[in-house]
Amino acid sequence: MTTLLPFPNLDGVEDLISTPRDPLRRRRVAFLVFDDIEIVDLSGPLDVFQYADRWLQITGRDNEPGYEVIVVGLRAGPVRSASGLEIIAAHSCDDCPGEIDTLVVPGGPWIERACAEPGLIDWLQKTAPRVRRLVSVCTGAFLLARAGLLENRFVTTHWMYCDRLAALHPSLRINRDRIFVRDGHVYTSGGITAGIDLALSLIEEDLGREAPRFIAGLMVVFLRRPGGQNQFSIFLQAEAPNRPDIRELQAWILANPAEDHAVQRLAARLNMSPRNFARQFLAESGMTPAKFVEHARVEAARCKLEQTNLLLEAVAAETGFGSSERMQRSFQRLLGVSPQDYRARFQSTARLEGRMRHEDSVPYHGA
Amino acid sequence: MKILFLTTAHNNLSQRLLIELTDRGHDVAVTLASNDEAMLKGAAENEPELIIAPMLKASIPKAITE
């Protein structure tokens with residue numbers, strides 16, 4: 001006789017239906033918290049996991065393990081976040097329940113303070129080896145790196161902190177533009193809200209494509225956001241040159257992007273041979289003169305796209321690209337988005353608001 | 001036993017070793033050997049009975065072994 005159910009009698013089936021879900025079958029997701037934590041690094045991914053757990057219940061997929069989210073601090077009790085809001089850590093590092101499936105380490109603006117806390121580092125070194133997935137959000141990568149857990153790995157962090165992370169941990173292979181990076185079982189994400197993107201991808205790994213699509217819609221975020229971190233960064237990793245003449249030249253290029261910046265002309269300004277100039281410039285600023293000029297032009301064009309309504313051709317002409325095609329290619333290369341998309345995404349909200357106020361005021365002729 | 005890891009990276013090997021040893025009831029602390037000072041400090045604070053170097057690119061300062 002073939003057995004359709006693992007239980008020989010109906011009582012067993014009823015037990016199965018009436019028994020609340022076995023808490024052991026849920027994947028435990030632990031978030032580490034510490035003073036001055038960036039609250040969105042914590043709450044964004046935390047919400048994603050909570051919604052995923054609820055999604056499983058709503059869709060009746062009770063046979064799949066959901067998520068049990070816990071918050072762990074150095075000591076149990078309130079932790080003050082960078083914005084001043086207090087979070088309660090339900091568990092301390094010492095009484096943290098075992099068998100963590102996914103350990104998430106958020107970041108914060110003054111992450112070095114957390115890195116200097118031996119208790120946190122020690123806990124990470126002892127806990128991380130036993131987790132299935134090790135995750136950092138934003139500058140949380142600094143804590144993992146400090147614990148020696150990222151050595152030689154491909155990682156990312158907040159675009160503003162990439163240079164600092166590279167200086168502290170030279171063996172890391174840091175990708176500045178990526179929203180998140182996976183290397184084996186170690187996942188690192190870019191700045192702040194990039195943690196939401198990463199958490200959605202972790203859900204997809206576990207539950208398939210449907211859950212993250214639903215949750216992204218619910219949270220009103222991109223499931224897969226277009227472009228990388230670079231489109232959000234403010235200016236080139238301004239590696240300040242020591243030589244005052246080259247520093248001055250860079251300032252001049254930034255102020256006059258539309259000039260002809262051929263290497264010969266730049267070299268002539270400093271009374272150097274083109275060859276020597278190119279060599280000196282590269283050594284001082286970490287990029288070739290042509291690359292620097294391209295960066296400067298993209299930067300100038302970004303400002304114009306954000307703050308004016310000029311046509312793309314006009315922007316390209318005013319910023320030294322000459323044609324909008326060349327501007328398009330540079331944008332794709334450096335920012336991973338087209339000028340049109342960039343403008344649509346970043347055009348100043350102040351301008352839009354201003355326009356709306358202006359229109360609102362027109363029909364008003366009241367007392 | 002009180003064990004101290006002096007290691008350049010807490011990599012897969014070092015992490016696996018930590019699991020095996022803690023499962024056997026040993027007390028393991030990890031010190032990243034970023035410089036002599038860090039190694040000396042780690043050794044002084046943990047007072048280990050045994051030092052293991054799972055992946056060490058630097059040399060251990062004489063003061064620790066003596």
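This is a predicted model: local features need pLDDT of at least 70, side-chain atom pairs count only at pLDDT 80 or more; totals for chains, interfaces and linings use all residues.

1. Which residues does Met327(A) touch once its neighbours within four places in sequence are set aside? They are Ala301(A), Val315(A), Ala316(A), Phe321(A) and Pro339(A). Met327(A) itself belongs to helix H14 of chain A, which covers residues 324-335. Its C-alpha atom is 8.3 Å from that of Ala301(A), although 26 residues separate the two along the chain. Met327(A) counts as buried because it has 24 C-beta neighbours inside 10 Å, and the cut-off for that label is 20 or more.

2. The largest has 67 residues. Those with the most contacts inside this core are Ala30(A), Val33(A), Val48(A), Ala52(A), Leu143(A), Leu144(A) and Ile203(A). Apart from it lies another core, of 23 residues, and Met327(A) is one of its members, along with Phe277(A), Val293(A) and Leu312(A), among others. As general background, nonpolar side chains tend to be buried together in soluble globular proteins.

3. Leaving out its neighbours within four places in sequence, Val33(A) is in contact with Leu42(A), Val71(A), Val72(A), Gly73(A), Val79(A), Ile87(A) and Ala89(A).

4. Now to the sheet. What is the strand order in the open sheet of seven strands in chain A? The order is S5-S2-S1-S6-S7-S11-S10, and the pairing is mixed. Strand S5 (91-92) and strand S10 (180-183) of chain A stand at the edges with a single partner strand each, so one side of each has no neighbour in the sheet. Helix H2 of chain A (residues 39-58) packs on this sheet and touches S1, S2 and S6 of chain A. The direction of H2 makes about 155° with that of S2(A), the strand at 67-73.

5. Within that sheet, please look at strand S6 of chain A, residues 102-105, which is covered on both faces. Thr102(A) and Val104(A) are buried on one side, and Leu103(A) and Val105(A) are buried on the other. S6(A) runs parallel to strand S1 of chain A (residues 27-33), and three bridges join the two. Ala30(A) stands opposite Leu103(A), while Val29(A) has Thr102(A) as its bridge partner. S6(A) is also parallel to strand S7 of chain A (residues 133-136), with four bridges between them. In S7(A), Ser136(A) is the bridge partner of Val105(A).

6. Strand S3 (residues 77-80) and strand S4 (residues 86-89) of chain A run antiparallel and are joined by four bridges. Arg80(A) stands opposite Glu86(A) in S4(A). Five residues lie between the strands of this hairpin, and Gly84(A) takes a positive phi near 100° there.

7. Asn152(A) has phi near 65°, a positive value in a residue other than glycine. Asn152(A) is in the loop between helix H5 (140-146) and strand S8 (154-155) of chain A. For Asn271(A), phi is near 55°, and this residue is in the loop between helix H10 (263-269) and helix H11 (274-285) of chain A. Are these residues buried or exposed? Asn152(A) is partly exposed because it has 13 other C-beta atoms within 10 Å. Asn271(A) is exposed because it has 8 of them within that distance.

8. On domains, the assignment for chain A gives domain 1 (24-229) and domain 2 (244-351). Their C-alpha centres lie 36 Å apart. How many residues of domain 1 of chain A are in contact with domain 2 of chain A? Four are, and they meet four residues of domain 2. By class, the domain 1 side of this contact has one nonpolar, two polar and one charged residues.

9. Last, the contact between chains. In chain A, 11 residues are in contact with 10 residues of chain B. The chain A side divides into four nonpolar, three polar and four charged residues.

Methods: Residues are numbered from 1 along each chain as its sequence is written. Chains are lettered from A and ligands numbered from 1 in the order in which they are written. Two residues are in contact if their C-beta atoms, placed from the backbone, lie within 7 Å. Ala, Val, Leu, Ile, Met, Phe, Trp, Tyr, Cys and Pro count as nonpolar, Asp, Glu, Lys and Arg as charged, and the others, Gly among them, as polar. A residue is buried if 20 or more other C-beta atoms lie within 10 Å of its own, exposed if 12 or fewer, and partly exposed in between; C-beta atoms are placed from the backbone. Domain bounds come from an automatic or database domain assignment. Two strands pair if DSSP finds at least two bridges between them. Axes are lines fitted to C-alpha atoms, for helices over the stretch in contact, and angles run from 0 to 180 degrees between N-to-C directions. A nonpolar core is a set of buried Ala, Val, Leu, Ile, Met, Phe, Trp, Tyr and Cys residues joined through C-beta atoms within 7 Å.
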